[in-house]
Amino acid sequence: MADANGKLSIDILYLGHLGKDKGTYLLIEAAKLMRASGLDFRVHLVGEELTLGELQSLRKSAMESGVEGCITIHPPAYGQDKLDQFKKADIFIYPSYHEGTPIAAIEAMACGLPIVATRVGGLPDLVNDGSNGFLVPPGDANQLAMALSYLIEHKNLRKSMQQTSFRLASERYDIEDHIVNLIQIYKSVLAASPSNSK
């Protein structure tokens with residue numbers, strides 16, 4: 001996205017709970033490293049605190065790291081507001097320490113965003129490393145900063161990964177297919193329940 005002066009700035013989006021387990025403090029560390037390299041970017045943290053006091057602590061951490069100018073904390077977004085956040089973003093980030101299969105990452109793919117995520121839980125099932133994003137070890141601010149920096153500096157790669165993310169989301173996570181699959185699962189569960197075997 002371009003700023004008020006017409007200068008190109010990259011918008012990095014995190015959407016989910018905010019807190020230590022979700023890697024949002026790690027993202028502040030990565031932002032500090034990236035800013036020291038002179039990169040032009042903004043990080044948007046969208047969500048509610050995981051535990052009471054996390055938002056205040058995150059703001060303090062950003063200030064102490066000297067990156068408060070490039071990190072914005074937003075309230076949770078739903079519906080059109082959430083869609084608008086995805087539309088404005090250039091890169092989606094998910095630096096969690098442990099995770100299932102986050103819906104936000106699937107939504108980011110469906111919006112055609114390259115994803116930088118940690119190699120935990122179901123995230124490697126969503127992110128094909130080097131294809132629609134990058135996977136990094138959890139807790140490694142240096143690797144996180146390097147992956148984000150590489151995407152910021154390589155516009156053509158971002159565009160390629162955007163297309164791949166959208167294609168993968170369309171192939172794997174079509175909502176109609178999901179509904180059909182859910183109906184089949186529910187039917188099999190009901191058929192196997194004790195009340196139906198009498």
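Author: The model is a predicted one. Helix 1 comprises the 13 residues 24-36. At 1.5 Å a residue, these should span 18 Å, and the end C-alpha atoms lie 19 Å apart, so the length agrees with expectation. Beyond the helix comes glycine 38, whose phi is positive, near 85°.

Several residues of helix 1 are buried, namely Thr24, Tyr25, Leu26, Leu27, Ile28, Ala30, Ala31 and Met34.

In soluble globular proteins, nonpolar side chains tend to be buried together. Here the largest nonpolar core contains 56 residues, and Ile12, Phe41, Phe92, Leu144 and Leu148 have the most contacts inside it. Isoleucine 12 touches Met34, and its other contacts beyond four places in sequence are Phe41, Arg42, Val43, His44, Ile91, Ile93, Leu148 and Ile152. Met34 is itself one of the buried residues of helix 1.

The largest pocket has a volume of about 270 Å³. Its lining consists of 17 residues, with Leu15, Gly16, His17, Lys82 and Ala104 nearest its centre. By class, nine of the lining residues are nonpolar, three are polar and five are charged. Helix 4 (residues 103-110) gives the most to this lining, with three residues.

Note on methods
Residues are numbered from 1 along each chain as its sequence is written. This is a predicted model: local features need pLDDT of at least 70, side-chain atom pairs count only at pLDDT 80 or more; totals for chains, interfaces and linings use all residues. Side-chain values use heavy atoms; hydrogens and water are left out. Helices (H or I, at least four residues) and strands (E, at least two) are DSSP runs, numbered from the N terminus. The expected span of a helix is 1.5 Å times one less than its number of residues. Buried means under 20% relative accessible area, exposed over 50%, partly exposed in between (1.4 Å probe, protein chains only). On a 1 Å grid over the protein atoms alone, a cavity is a set of points where a 1.4 Å probe fits but cannot get out, and a pocket is an open set with protein on both sides within 12 Å along at least five of seven lines; lining residues have an atom within 4 Å of a point. Grid points are joined across faces, edges and corners, and a volume is the space filled by probe spheres set on the points. Ala, Val, Leu, Ile, Met, Phe, Trp, Tyr, Cys and Pro count as nonpolar, Asp, Glu, Lys and Arg as charged, and the others, Gly among them, as polar. A nonpolar core is a set of buried Ala, Val, Leu, Ile, Met, Phe, Trp, Tyr and Cys residues joined through side-chain atoms within 4.5 Å. Contact means heavy atoms within 4.5 Å.
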